[in-house]
There are 2 protein chains.
Amino acid sequence: MKLVGTESQRIEAGEFVELVCYGERTVCTFKETIEAHSREKETNIVLALDLFLPDREAQLEKSMAILESVHDNICAVKLNRQIVLPLGLYSGADKIVARAHGLNVPAIMDAKINDVGHTNAAIATCYFDAGFDAVIVSPFVGWEDGLQPVFELARAKSKGVLVLCYMSHKGAAEGYGQMVLDSKTGKPKAQYEVFADRALTWRADGLIVGATYPEKISRIHEIVKDEISIYSPGVGVQGGDIEVAIKAGARYLIIGRSIYSAGDPREASRMFRERVRKLIFKG
Amino acid sequence: MKLVGTESQRIEAGEFVELVCYGERTVCTFKETIEAHSREKETNIVLALDLFLPDREAQLEKSMAILESVHDNICAVKLNRQIVLPLGLYSGADKIVARAHGLNVPAIMDAKINDVGHTNAAIATCYFDAGFDAVIVSPFVGWEDGLQPVFELARAKSKGVLVLCYMSHKGAAEGYGQMVLDSKTGKPKAQYEVFADRALTWRADGLIVGATYPEKISRIHEIVKDEISIYSPGVGVQGGDIEVAIKAGARYLIIGRSIYSAGDPREASRMFRERVRKLIFKG
């Protein structure tokens with residue numbers, strides 16, 4: 001059992017997968033890794049790098065430039081399929097992940113994995129091989145021959161799994177917001193409460209809950225407490241409010257267009273960070 | 001209004017997007033296109049080309065070889081993310097799509113699209129630009145700022161949209177099989193029935209229902225009748241039975257491992273086709 005260096009030395013080592021922790025274990029979970037980055041840098045902002053430009057070279061260049069200009073103000077970067085599909089996972093997206101790691105920023109793949117087991121395993125294998133530190137999955141596909149192989153693969157490789165719980169768009173109410181009959185009690189229950197329960201059983205590293213629905217954040221936080229961190233997209237362009245989301249229980253804010261489409265992305269990210277610093281890291 | 005050629009001439013033209021139809025309209029829907037291919041070739045088999053090999057060049061070569069050897073016996077090919085992620089959409093998967101079109105085989109992308117509107121639009125744009133004739137979507141994400149942009153894009157480009165209704169794996173029961181309270185009546189209803197209703201409202205080109213759940217196929221066929229074609233994955237390795245699935249109402253069978261992992265894929269596809277020919281095209 002090794003006890004290695006200070007927290008900042010460990011973070012500077014940039015080895016997210018094999019990051020050595022204090023105490024009894026030798027490998028951090030993704031939940032612990034991002035928490036360490038967040039405290040060290042005093043920011044809870046996850047940059048959603050979702051730029052979609054017709055020219056693929058320009059898309060890669062601009063994505064890299066934004067990442068570099070804002071990296072001091074973020075604790076992780078999240079890539080979406082509008083980066084991976086045009087640039088290619090192994091011919092562009094992986095370069096962004098490598099650059100993020102070079103800047104000491106963990107990378108999350110917003111894959112919303114939702115297929116059958118052997119396909120999910122292949123998808124997760126590809127993203128982990130390309131360097132991603134965590135993947136996002138959709139719990140609607142279920143466990144058996146669904147998400148089970150993804151969680152097993154993630155654990156074997158010390159990667160993270162974040163579970164969708166309530167998305168940020170208007171149509172989310174049609175699925176995440178519907179009432180379902182609980183399979184054990186037969187009583188009505190909100191779909192997102194069912195998902196929060198599943199995430200606890202599955203020992204997920206995080207839950208995604210739209211900042212546009214703060215009352216859902218509160219309810220989900222009541223269920224999972226601090227066992228699972230809540231990540232909230234939908235701040236800014238989509239209408240979510242930072243202060244409200246954090247007070248409701250969001251630990252991380254996922255911000256995209258309000259940073260990368262700003263006239264000065266660095267300044268935009270700095271201003272967001274200042275706001276969250278007062279709320280979360282004031283002590 | 002043009003009336004052009006015979007059905008087989010139109011099919012030989014290989015122009016799935018701009019295929020000219022008889023009658024009042026000048027462009028076919030994807031439902032009509034695949035139906036024409038199916039009748040012409042007397043097969044309802046959609047090849048699921050899901051090969052996942054550690055060597056990417058070998059994966060592309062073998063996928064191409066299988067497609068070429070079985071193309072006489074299939075009415076469409078379906079690619080999954082275990083092809084697109086390793087090979088790249090514009091540096092491998094698009095080559096398979098082009099080869100499929102060269103062989104007069106339409107191509108479906110099993111993307112299970114499930115993100116917010118602007119991301120869904122970007123994903124669908126990428127797949128359509130790479131040549132795919134249809135995409136598969138997850139209805140759980142809802143319509144408003146969810147799937148609406150995908151359907152609009154597909155219509156503008158004369159592409160198809162197939163909707164997941166009940167997947168073929170065991171965990172499907174946790175989501176697709178759950179009971180939900182109908183948002184209009186407040187009464188309990190199976191999730192897959194809600195999805196079938198939505199697919200009718202959205203005018204989807206097809207519904208995906210696992211061949212492993214024939215009683216669900218029957219019920220969904222009762223709801224959508226012949227307005228929406230049912231595609232059934234899960235035949236063979238996953239345990240679904242061809243005859244039972246077709247009798248229950250499946251129009252197309254999606255078959256992967258039982259063809260591409262067979263010692264002789266061409267022979268395996270021919271035998272599957274013989275079985276379905278007797279059931280569907282005997283008259």
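Analyst: In β4(A), A:Ala134 is the bridge partner of A:Ile108. The model is a predicted one, in which local features require pLDDT of at least 70 and side-chain atom pairs count only at pLDDT 80 or more, while totals for chains, interfaces and linings use all residues. Residues are numbered from 1 along each chain as its sequence is written, with chains lettered from A and ligands numbered from 1 in the order in which they are written.

The strand that holds A:Ala134 is β4 (residues 134-137) of chain A, which runs parallel to β3 (residues 107-113) of chain A and is joined to that strand by three bridges. Here strands (E, at least two residues) and helices (H or I, at least four) are DSSP runs numbered from the N terminus, and strands pair if DSSP finds at least two bridges. Helix α6(A) packs on the sheet over this pair, touching both β3 and β4 of chain A, and its direction makes about 165° with that of β3(A). Such angles run from 0 to 180 degrees between N-to-C directions, with axes fitted to C-alpha atoms, for helices over the stretch in contact. Contact itself requires C-beta atoms, placed from the backbone, within 7 Å.

In chain A, eight strands close into a barrel with parallel pairing, in the order β1-β2-β3-β4-β5-β8-β9-β10. From one strand to the next, the twist averages 30°.

The crossing of α9(A) past α10(A) is right-handed, the near helix being turned clockwise from the far one by less than a right angle. On the α9(A) side, the contact includes A:Tyr192, A:Ala196 and A:Leu200, and on the α10(A) side it includes A:Arg219, A:Ile220 and A:Ile223.

Chain A also meets chain B. Each of the two chains gives 43 residues to the contact. On the side of chain A that touches chain B, at least two residues come from each of several elements, including α5 (89-102), α7 (143-156) and β6 (179-181). The largest share, five residues, comes from α6(A).

A residue is buried with 20 or more other C-beta atoms within 10 Å of its own, exposed with 12 or fewer, and partly exposed in between, the C-beta atoms being placed from the backbone.

Strand β10(B) pairs in the parallel sense over three bridges with β1 (residues 45-49) of chain B. Across this pairing, B:Ile45 stands opposite B:Leu253, and B:Leu47 opposite B:Ile255. Strand β9 (residues 229-233) of chain B likewise forms three bridges with β10(B) in the parallel sense, with B:Tyr231 opposite B:Tyr252. Between β9(B) and β10(B), the chain passes through helix α11 (residues 242-248) of chain B in a right-handed β-α-β crossover, clockwise from the first strand over the helix to the second when the strands point away from the viewer.

B:Leu47 leads on to B:Val70, whose contacts beyond its neighbours within four places in sequence include B:Leu47, B:Ile259 and B:Pro265. B:Val70 belongs to helix α3 (residues 56-70) of chain B. B:Val70 counts as buried because 28 C-beta neighbours lie inside 10 Å. Between B:Val70 and B:Ala134 there are 64 residues in sequence and 20 Å in space, C-alpha to C-alpha.
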